[in-house]
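Please read it with the structure open.

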Amino acid sequence: MASANGSVEIEDLLELHELGLLETEDEIADRRSTNFEWDPIELAVQRRTSRGGYRTDSASAVSPVMVPRFADRPATALPPPGTLCNVSLADVLEQRRSVRSYAKRSMSLEELSALLYHSARVVRCAGGARFGTRVLRPFPTAGACSELETYVLSVDISGLQAGAFYYDAFRHRLLRIREWDDHMERILRSVHTAAGNKLNRDPAVVLLITAIFERLMRKYRDLSLSLIYKDVGSFFQTLYLVATALNLAPCAIGSGDEAENSRWLGLDPLCESQVGCFVCGPRGHKTSELRQFNTRERGRDKLQS
Ligand SMILES: Cc1cc2nc3c(=O)[nH]c(=O)nc-3n(C[C@H](O)[C@H](O)[C@H](O)COP(=O)(O)O)c2cc1C
């Protein structure tokens, strides 16, 4: 931003002011005080969530073409997923919690298959010359750009080797990326720490969610990062609901070494990097031990009281 002779251009200062990163003395005097300090980088991102998104030309507004990934890696077919129809949406919404206690058994490959199928697979592609390929998933995504990818760290899944796999969301199968190693142990330790050391054992599976930034940034430019984080939120909620319906124990994890983990997966973090982490395992208690209720009855009781 500073020129070669060290001076700062007035236009740059005006832009920083517009982003809220610089304030005049009058504005500081008028401003109501907050009980915390904004990190300037976070403030800039926050300002951009409402300001950006312009498109330079129609070519950049077209969603990118999807090409098969990791096609040369050994593939593991996933068993047919079970259905979710024996549980009502109202009950799932009521019962959804972050659960940090797992049963003393492995998660089955069928459970993993159902979790991925109902929350992460590609449901269908819609294409057209005008907007390019739009990839539709069980969760909504900005512009249907399908920038999110799922990597499955198998810790204790019966019938699946321990290690890292790429989830091929088009063909509902796993492609082997890495063996179990020291870095995977480090990821597990960081998950325990992030969960306040409240997990009673290792989660059976750790999902690392990455974003392929170009898929969104070509189209939405400086609005993209905030859109990616919103997409991760809708993916998290879908994972939570499906895991609850499957009687699994789900928990989002808000931290992690995104660049290191992404390099470990063989990715260039400037192109594709971790934007989310989610852990899951078999639930420590059966659904029948959870509070059973008829949501409609409960709602009526509440209204009457
Ligand atoms: C974006 C996000 C990040 C989270 N990060 C963590 C985390 O790092 N560790 C943890 O134990 N729980 C984490 N959680 C779970 C929250 O603590 C939990 O959702 C919250 O306490 C409400 O409880 P509930 O999910 O049971 O309704 C996270 C949840 C979300 C949505």
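The points below run from the overall picture to single residues.

1. **Basis.** This is a predicted model: local features need pLDDT of at least 70, side-chain atom pairs count only at pLDDT 80 or more, and totals for chains, interfaces and linings use all residues. Residues are numbered from 1 along each chain as its sequence is written.

2. **Confidence.** pLDDT is the predictor's confidence in each residue, from 0 to 100. The protein averages 86, and 85% of the residues score at least 70. Two residues are in contact if their C-beta atoms, placed from the backbone, lie within 7 Å.

3. **Overall make-up.** The protein has 10 helices and 11 strands. These are DSSP runs numbered from the N terminus: helices are H or I with at least four residues, strands are E with at least two. Of the 305 residues, 31% count as buried. Buried means that 20 or more other C-beta atoms lie within 10 Å of the residue's own, exposed means 12 or fewer, and partly exposed is in between; C-beta atoms are placed from the backbone. Among contacts with a separation of 6 or more, 74% join residues 24 or more positions apart.

4. **Core.** The largest nonpolar core has 63 residues. Such a core is a set of buried Ala, Val, Leu, Ile, Met, Phe, Trp, Tyr and Cys residues joined through C-beta atoms within 7 Å. Helix H8 supplies its largest share, 11 residues. Leu-153, Val-205, Val-206 and Phe-278 have the most contacts inside this core. Val-205 touches, beyond four places in sequence, Met-107, Leu-112, Val-152, Leu-153, Ser-154, Val-155, Ile-157 and Cys-280.

5. **Ligand shell.** Which residues are around the ligand? They are Arg-97, Ser-98, Ala-194, Ala-195, Gly-196, Phe-236, Cys-251, Ala-252, Ile-253, Gly-254 and Ser-255. The test is a C-beta atom, placed from the backbone, within 6 Å of the molecule. Strand S10 (residues 248-253) gives the most to this shell, with 3 residues. By class, the shell has 6 nonpolar, 4 polar and 1 charged residues. Here Ala, Val, Leu, Ile, Met, Phe, Trp, Tyr, Cys and Pro count as nonpolar, Asp, Glu, Lys and Arg as charged, and the others, Gly among them, as polar.

6. **Helix H7.** H7 spans residues 213-220, and Arg-215, Leu-216, Lys-219 and Tyr-220 are buried in it. Seen down the axis of H7, its buried residues fall within an arc of 85°, so they line one face of the helix. That arc is taken over the directions from the helix axis to the C-beta atoms. The cover over these buried residues includes strand S9 (205-212) and helix H8 (224-245). Just after H7, Arg-221 takes a positive phi of about 50°.

7. **Positive phi in loops.** Most residues other than glycine have a negative phi. Ser-146 is not a glycine, yet its phi is positive, about 55°. Ser-146 sits in the loop between strand S4 (134-136) and strand S5 (148-154). Asn-197 also has a positive phi, near 55°. Asn-197 belongs to the loop between helix H6 (182-194) and S9. Are these two sites buried or exposed? Ser-146 is buried, with 23 other C-beta atoms within 10 Å. Asn-197 counts as exposed, with 8 C-beta neighbours inside 10 Å.

8. Val-45 lies in helix H3 (residues 40-51). Val-45 is partly exposed, with 16 C-beta neighbours inside 10 Å. Leaving aside neighbours within four places in sequence, Val-45 is in contact with Leu-225 and Ser-226. Val-45 and Asp-222 are 177 residues apart in sequence, but 8.7 Å apart in space, C-alpha to C-alpha. Leu-225 is found in H8. Leu-225 too counts as partly exposed, with 18 C-beta neighbours inside 10 Å.

9. **Strand S11.** Ser-273 lies in S11 (residues 272-282). Ser-273 is partly exposed, with 19 other C-beta atoms within 10 Å. Beyond four places in sequence, the contacts of Ser-273 are Thr-210, Ala-211, Glu-258, Ala-259, Ser-262 and Leu-267.
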